[in-house]
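Please read the following note alongside the structure.

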Amino acid sequence: MDNYAVSFDNAKLTIEGVGHIKKSANKSSNIQKATLFVMDKTSKVECKPILLIDTDDVKASHANALGEISEESLFYLQSRGIELDRARKMIVLGYFKKFSNDICYKEVKEEVESYIEEVIKSV
């Protein structure tokens, strides 16, 4: 389970991922990852990974990365003539591109990418 989120404009976001490995599911794997950007000081993000494991001999893990866009990344783009607002949008778009590249169905991928671009305009 991979979760991606960008929080801005006084948003409050909670991601609660539940992975359940039942007793009869030996040798199963459950990996949860969350990568979350907070774009302003008024937004809040909370991530609650939950692993329910009813058997032994499984592989299960969770990892979260939460933060703001690095000042170094913004400085790098600005030093190449890109305005701050545009630099922030480019970084967020690149962040979501990784997610959208995994979508197999062309129509769904185009719809998701269009939606992402619309949301980024308001960041």
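1. A salt bridge is a side-chain nitrogen of Lys or Arg within 4 Å of a carboxyl oxygen of Asp or Glu. The model discussed here is predicted, and a search of the whole structure finds four salt bridges. Three of them are described below.

2. Glutamate 68 pairs with lysine 41, and their closest N and O atoms are 3.1 Å apart. Glutamate 68 is partly exposed, at 47% relative accessibility, whereas lysine 41 is exposed, at 70%.

3. Aspartate 85 and lysine 89 form a salt bridge with an N to O distance of 3.4 Å. Both residues belong to helix α2, four residues apart, which means a separation of about one helical turn.

4. Helix α2 (residues 84-100) packs against helix α3 (residues 106-121) at an angle of about 160°, and their axes are 10 Å apart. The two helices are therefore roughly antiparallel, since the angle is over 145 degrees. Their crossing is right-handed.

5. Residues of α2 that meet α3 include Val92, Leu93 and Phe96, and their counterparts in α3 include Val112, Ile116 and Ile120. By class, this contact has seven nonpolar, one polar and six charged residues.

6. A salt bridge also joins glutamate 113 to lysine 97, at 3.3 Å from N to O. Glutamate 113 lies in α3 and lysine 97 in α2, so the pair ties together parts that are 16 residues apart in sequence. Lysine 97 is partly exposed, with a relative accessible area of 33%.

Methods: Residues are numbered from 1 along each chain as its sequence is written. This is a predicted model: local features need pLDDT of at least 70, side-chain atom pairs count only at pLDDT 80 or more; totals for chains, interfaces and linings use all residues. Side-chain values use heavy atoms; hydrogens and water are left out. Axes are lines fitted to C-alpha atoms, for helices over the stretch in contact, and angles run from 0 to 180 degrees between N-to-C directions. Angles under 35 degrees count as roughly parallel, over 145 as roughly antiparallel, 65 to 115 as roughly perpendicular and the rest as oblique. A crossing is left-handed if the near helix is turned anticlockwise from the far one by less than a right angle, and right-handed if clockwise. Contact means heavy atoms within 4.5 Å. Ala, Val, Leu, Ile, Met, Phe, Trp, Tyr, Cys and Pro count as nonpolar, Asp, Glu, Lys and Arg as charged, and the others, Gly among them, as polar. Buried means under 20% relative accessible area, exposed over 50%, partly exposed in between (1.4 Å probe, protein chains only).
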